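This briefing summarises the fold, the helices and the aromatic contacts of the structure shown below. The points are grouped by topic for reading alongside the model.

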Amino acid sequence: MFYIKSLGAFIRNLYQKKYVIGQVVRRDFKNKYLGSYLGLPWAFIQPAITILVMWVAFTYGLKVDKTTEGFYFLPWLLCGMVPWFFISDTLTAATGSLVEYSYLIKNTSFTINIIPLVKMFTALIIQVFFFGVIAVFMIAYGYAPSIYWIQVIYYVFAAMFLLAGLGWLLSAINVFVRDVGQLVVAGLAILFWATPIIWPSKSLLGHWRYLAYLNPFFYITEGYRYTFLHKTWFFENINGTIYFWAVTLFIFILGATVFKKLTPHFA
């Protein structure tokens, strides 16, 4: 009951601070690319180049036109890469967010726990743009829009809930152990190849497949494919949904608790 009340208080606090969060997110998004010649377009060019390189390598290098499930490779790749960009960008930026915004920590009127969330909302701006990219390529490859597409909202919410907990946990520890930032980068590199993003999950056999399912990020990336390609509702994957939310709630509570305990020591 205590955690339910705390969660309710957290959501109310976000709503009350929505103007402040909006202003900081807008400033953070601009500052991230302010020093480059192209500026803000780099926010979209960098992930687009990554997807292009992957597509060229697999389509023309490895001669992969369709997946084993019969889907065209580029739309299938987009459905895995787009949510991964949101995950990796958020975790990388959120981990160092308290150090980056250290001048705000000494400001007693500022709510510190929104700082890691600012990085998440900044990454969400790019994610929304790529929803349009996915839609365009889906239609171009003959996948007509359907009612299933609306559940992408659910998967974004699920990802944000998971990333909020991880963002609090990692950013709080990183204040005292700066190696955490490097570990996150290395961990994300491993998880990218360990998560079925550019290879189909069905290629794993036996216990290896179940090991991949233990990765909560897999629920998000595969969820995009359920949404745009498989046309499957999230509640049809009842076991995966229950497992994901059990893990996510644990991480959310753990991250919030650690962040709250360490907050007095940040300054």
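Accessible areas come from the Shrake-Rupley method with a 1.4 Å probe. On that basis, the accessible surface of the protein chain comes to about 14,100 Å², and carbon and sulfur atoms contribute 70% of this surface. The model is a predicted one.

**Overall fold**

- The protein chain contains twelve helices and zero strands.
- Read from the N terminus, the order of elements is α-α-α-α-α-α-α-α-α-α-α-α.
- Of the 267 residues in the protein chain, 47% count as buried.
- Among contacts with a separation of 6 or more, 77% are made by residues 24 or more positions apart.

**Helix α2**

- Helix α2 covers residues 18-32, and its 15 residues reach 21 Å from the first C-alpha to the last, close to the 21 Å expected at 1.5 Å a residue.
- The buried residues of α2 are Ile 21, Val 24, Val 25, Asp 28 and Phe 29.
- These residues lie on the same side of α2, because they cover an arc of only 135 degrees around the axis.
- Tyr 19 and Arg 27 are exposed on the face of α2 that is turned away from the buried side.

**Helix α9**

- Helix α9 comprises the 16 residues 179-194, which should span 22 Å at 1.5 Å a residue; the end C-alpha atoms are 22 Å apart, so the two values agree.
- In α9, Val 180, Val 184, Leu 188 and Phe 192 are buried.
- Their arc around the axis is only 115 degrees, which puts these residues on the same side of α9.
- The other side of α9 carries the exposed residues Asp 179, Gln 182, Leu 183, Ile 190 and Trp 193.

- Helix α12 has 25 residues and reaches 36 Å from its first C-alpha to its last, close to the 36 Å expected at 1.5 Å a residue.
- Buried residues in α12 include Phe 244, Trp 245, Ile 251, Phe 252, Gly 255 and Phe 259.
- Lys 231 lies in the loop between α11 and α12.
- The phi angle of Lys 231 is near 55 degrees, a positive value in a residue other than glycine.

**Aromatic pairs and a charge over a ring**

- Rings of Phe, Tyr and Trp pair if their centres lie within 6.5 Å, and by this rule the count comes to 29 aromatic pairs.
- The ring centres of Trp 84 and Phe 217 are 6.2 Å apart and their planes are at 80 degrees, so this pair is edge-to-face, the class for angles over 60 degrees.
- This pair links distant parts of the chain, with Trp 84 in helix α4 (residues 73-95) and Phe 217 in helix α11 (residues 216-230), 133 residues apart.
- Both Trp 84 and Phe 217 are buried.
- Phe 176 and Phe 266 form a tilted pair, at 6.1 Å centre to centre and with 35 degrees between the planes.
- This second pair also links distant parts of the chain: Phe 176 is in helix α8 (residues 152-176), Phe 266 is in the segment after α12 (238-262), and the two are 90 residues apart.
- Phe 176 is partly exposed, with a relative accessible area of 42%, whereas Phe 266 is buried at 8%.
- Arg 225 lies over the face of Trp 76, at 3.7 Å from the ring centre.

Terms used. Residues numbered from 1 in each chain as written. Predicted model: local features only at pLDDT ≥ 70, side-chain atom pairs only at ≥ 80, totals over all residues. Heavy atoms only, no water. Phe/Tyr/Trp six-rings, centres within 6.5 Å; stacked < 30°, edge-to-face > 60°. Helix = DSSP H or I, 4+ residues; strand = E, 2+ residues; numbered from the N terminus. Buried < 20%, exposed > 50% of the residue type's maximum accessible area, 1.4 Å probe, protein only. Lys NZ or Arg CZ within 6 Å of the ring centre and 35° of its normal. Contact = heavy atoms within 4.5 Å. Expected span 1.5 Å × (residues − 1). Arc of directions from axis to C-beta.
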